[in-house]
Amino acid sequence: MTDSAATTRRISTEGADLLTLAGVNDVNLVELSRLFGVRVALRGEALSITGPEELVARAAPVGQRMVDVARQRLTLSADDVLRLSE
(Lines give C-alpha, C1' and ligand atoms only; values in the text may rest on other atoms or scores of the structure.)
Protein backbone atom coordinates (compact mmCIF):
# COMPACT_ATOMS: atom_id res chain seq x y z
CA MET A 1 0.00 0.00 0.00
CA THR A 2 1.40 3.36 -0.97
CA ASP A 3 0.48 6.53 0.84
CA SER A 4 -0.95 8.00 -2.37
CA ALA A 5 -3.43 5.12 -2.63
CA ALA A 6 -4.40 5.31 1.04
CA THR A 7 -7.38 7.03 2.56
CA THR A 8 -7.93 7.92 6.21
CA ARG A 9 -11.18 7.94 8.12
CA ARG A 10 -11.28 9.58 11.55
CA ILE A 11 -13.84 8.60 14.18
CA SER A 12 -14.39 10.89 17.15
CA THR A 13 -13.61 9.25 20.48
CA GLU A 14 -15.02 12.12 22.55
CA GLY A 15 -16.56 10.75 25.72
CA ALA A 16 -15.04 7.28 25.27
CA ASP A 17 -12.80 5.54 27.79
CA LEU A 18 -9.60 5.40 25.72
CA LEU A 19 -8.03 2.58 27.75
CA THR A 20 -11.12 0.44 27.14
CA LEU A 21 -11.08 1.35 23.46
CA ALA A 22 -7.40 0.57 22.90
CA GLY A 23 -7.12 -2.33 25.34
CA VAL A 24 -4.03 -3.32 27.27
CA ASN A 25 -0.97 -2.82 25.05
CA ASP A 26 -3.34 -1.60 22.29
CA VAL A 27 -4.58 -5.16 21.71
CA ASN A 28 -8.00 -4.00 20.46
CA LEU A 29 -6.47 -1.61 17.94
CA VAL A 30 -4.04 -4.31 16.78
CA GLU A 31 -6.95 -6.72 16.28
CA LEU A 32 -8.91 -4.17 14.22
CA SER A 33 -5.82 -3.61 12.10
CA ARG A 34 -5.24 -7.35 11.66
CA LEU A 35 -8.84 -8.12 10.73
CA PHE A 36 -9.08 -5.53 7.97
CA GLY A 37 -5.49 -4.96 6.83
CA VAL A 38 -5.50 -1.27 7.75
CA ARG A 39 -3.41 0.97 9.97
CA VAL A 40 -5.15 2.08 13.16
CA ALA A 41 -4.01 4.90 15.41
CA LEU A 42 -5.50 6.58 18.45
CA ARG A 43 -4.46 10.23 18.61
CA GLY A 44 -6.10 12.89 20.72
CA GLU A 45 -9.84 12.47 20.43
CA ALA A 46 -9.89 10.48 17.19
CA LEU A 47 -9.48 6.91 16.05
CA SER A 48 -7.78 7.02 12.64
CA ILE A 49 -8.11 4.16 10.17
CA THR A 50 -5.84 4.33 7.12
CA GLY A 51 -5.59 2.05 4.11
CA PRO A 52 -7.17 1.32 0.75
CA GLU A 53 -10.66 2.87 0.54
CA GLU A 54 -12.51 -0.47 0.37
CA LEU A 55 -10.75 -1.81 3.48
CA VAL A 56 -11.23 1.44 5.41
CA ALA A 57 -14.93 1.39 4.46
CA ARG A 58 -15.24 -2.10 5.98
CA ALA A 59 -13.20 -1.31 9.11
CA ALA A 60 -14.78 2.05 9.98
CA PRO A 61 -18.18 0.70 11.16
CA VAL A 62 -16.39 -1.74 13.46
CA GLY A 63 -14.23 1.09 14.78
CA GLN A 64 -17.39 3.11 15.43
CA ARG A 65 -18.96 0.20 17.34
CA MET A 66 -15.77 -0.10 19.42
CA VAL A 67 -16.00 3.60 20.29
CA ASP A 68 -19.67 3.19 21.19
CA VAL A 69 -18.82 0.35 23.58
CA ALA A 70 -16.02 2.43 25.15
CA ARG A 71 -18.44 5.34 25.61
CA GLN A 72 -20.75 3.05 27.57
CA ARG A 73 -17.81 2.01 29.78
CA LEU A 74 -18.41 -1.65 28.95
CA THR A 75 -15.56 -4.14 28.63
CA LEU A 76 -13.93 -4.60 25.25
CA SER A 77 -11.44 -7.31 24.32
CA ALA A 78 -9.83 -8.53 21.11
CA ASP A 79 -12.47 -11.29 21.01
CA ASP A 80 -15.17 -8.61 21.22
CA VAL A 81 -13.56 -6.76 18.29
CA LEU A 82 -13.74 -9.99 16.27
CA ARG A 83 -17.43 -10.42 17.19
CA LEU A 84 -18.18 -6.79 16.25
CA SER A 85 -16.70 -7.44 12.81
CA GLU A 86 -19.06 -10.32 12.00
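How many salt bridges does the count come to? It comes to 4, with a salt bridge taken as a side-chain nitrogen of Lys or Arg within 4 Å of a carboxyl oxygen of Asp or Glu.

Before you click around: this is a predicted model, where local features need pLDDT of at least 70 and side-chain atom pairs count only at pLDDT 80 or more, while totals for chains, interfaces and linings use all residues. Residues are numbered from 1 along each chain as its sequence is written, and side-chain values use heavy atoms, with hydrogens and water left out.

Start with the cartoon view. You'll find 4 helices and 3 strands, in the order β-α-α-β-β-α-α from the N terminus; these are DSSP runs (helices H or I, at least four residues; strands E, at least two).

Next, select Arg9 and Glu53. Their salt bridge has its closest N and O atoms 3.3 Å apart, and it links strand E1 (residues 7-12) to helix H3 (residues 53-71), 44 residues apart in the chain. Arg9 is partly exposed at 33% relative accessible area, and so is Glu53 at 40% (buried means under 20%, exposed over 50%, partly exposed in between; 1.4 Å probe, protein chains only).

Stay on helix H3 and pick Arg71 with Asp68. Here the closest N and O atoms are 3.6 Å apart; the two residues sit 3 apart in the helix, about one helical turn.

Finally, go to helix H4 (residues 78-84) for Asp80 and Arg83, also 3 residues apart. Their side chains meet in a salt bridge at 2.5 Å, N to O, and Asp80 counts as buried at 19% relative accessibility.
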